[in-house]
Amino acid sequence: MRQPAVRLVRLSRIPYTELLALQERWLRRLQAEPSTEALSGTEAGALLLCEPAGPVYTSGLRGGLTPEETARLRALGAEVRTTGRGGLATFHGPGQLLCHPVLDLRRLGLRLRTHVAALEACAVRLCECQGLSGARARPPPYTGVWLGERKVCAIGVRCGRHITSHGLALNCSTDLLWFDHIVPCGLVGTGVTSLSEELQRHVTVDEVIPPFLEAFKETYKCTLISEDSSN
């Protein structure tokens with residue numbers, strides 16, 4: 001049986017707003033297709049990968065930042081944006097892999113819950129490839145992937161009419177001090193970490209992309225087709 005195809009769009013280091021704009025274009029493209037085509041077509045959407053060019057705090061559908069907190073974070077030199085993903089406040093910045101799958105779940109035979117579990121599985125597999133065998137997903141409200149009591153990968157998605165957006169943020173060499181200014185994902189008493197912190201060496205975003213893509217193909221049972229980021 002032929003596997004569904006997903007367009008791979010690698011964006012390197014770009015402003016977060018550019019990622020959101022491209023995500024919106026892919027959302028409109030998938031939403032415009034007839035539902036019969038969505039069920040029978042072999043292309044399931046796009047996998048958008050990038051590294052944020054600057055510090056950005058985002059809040060989700062459940063909020064997470066007051067106006068006073070927003071002003072304080074902007075005074076630090078960070079951008080602050082409200083997004084349509086699930087969850088509360090988190091941080092994105094240089095040294096972090098952002099993965100936004102814009103997918104029609106029907107073409108992959110997935111439901112929203114299994115999509116979230118698949119994202120977690122990809123991050124766990126990547127950590128294991130780096131020699132971090134203790135990486136694991138935890139039950140709600142502790143979404144994402146954890147190493148002990150510290151989160152290495154945050155996950156927040158949005159899904160409407162079977163089409164997903166947003167995704168995961170994996171700390172590779174992120175400056176973790178930015179997380180000190182918020183309660184990440186609203187989880188009091190937990191911490192954050194990065195691959196560089198755990199491995200005690202500098203781990204770049206470019207280094208982890210190949211094993212991440214292998215994990216994505218295996219987990220989602222799809223093929224990846226490279227596409228120019230301008231499309």
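This is a predicted model: local features need pLDDT of at least 70, side-chain atom pairs count only at pLDDT 80 or more; totals for chains, interfaces and linings use all residues.
Residues are numbered from 1 along each chain as its sequence is written, and side-chain values use heavy atoms, with hydrogens and water left out.

Let me begin with the overall fold. The protein chain has 7 helices and 12 strands; these are DSSP runs, numbered from the N terminus, with H or I over at least four residues for helices and E over at least two for strands. For 231 residues, a compact globule would have a radius of gyration near 17 Å, and the 17 Å of the protein chain agrees with that. That radius is taken over C-alpha atoms, and the globule rule is 2.2 Å times the number of residues to the power 0.38. Buried residues make up 50% of the 231 residues, where buried means under 20% relative accessible area, exposed over 50%, and partly exposed in between, with a 1.4 Å probe and protein chains only.

I return now to α7. This helix covers residues 205-220, and its 16 residues reach 21 Å from the first C-alpha to the last, close to the 22 Å expected at 1.5 Å a residue; the expected span is 1.5 Å times one less than the number of residues. A kink of about 25° is centred on P211, the bend being the angle between axes fitted to the seven residues ending there and the seven starting there. P211 is also among the buried residues of α7, which include F212 and F216.

My last topic is the aromatic rings. The structure holds 6 aromatic pairs: rings of Phe, Tyr and Trp (its six-membered ring) pair if their centres lie within 6.5 Å, with planes under 30 degrees apart counted as stacked, over 60 as edge-to-face and the rest as tilted. F91 and W178 are stacked, because their ring centres are 5.5 Å apart and their planes are at 5°. This pair links distant parts of the chain, with F91 in strand β5 and W178 in the loop between β10 and β11, 87 residues apart. F91 is buried, with a relative accessible area of 1%. The rings of F91 and F179 have centres 5.4 Å apart and planes at 75°, so this pair is edge-to-face. F179 is likewise buried, at 5%. Ring pairs link Y57, F91, W178 and F179 into a cluster.
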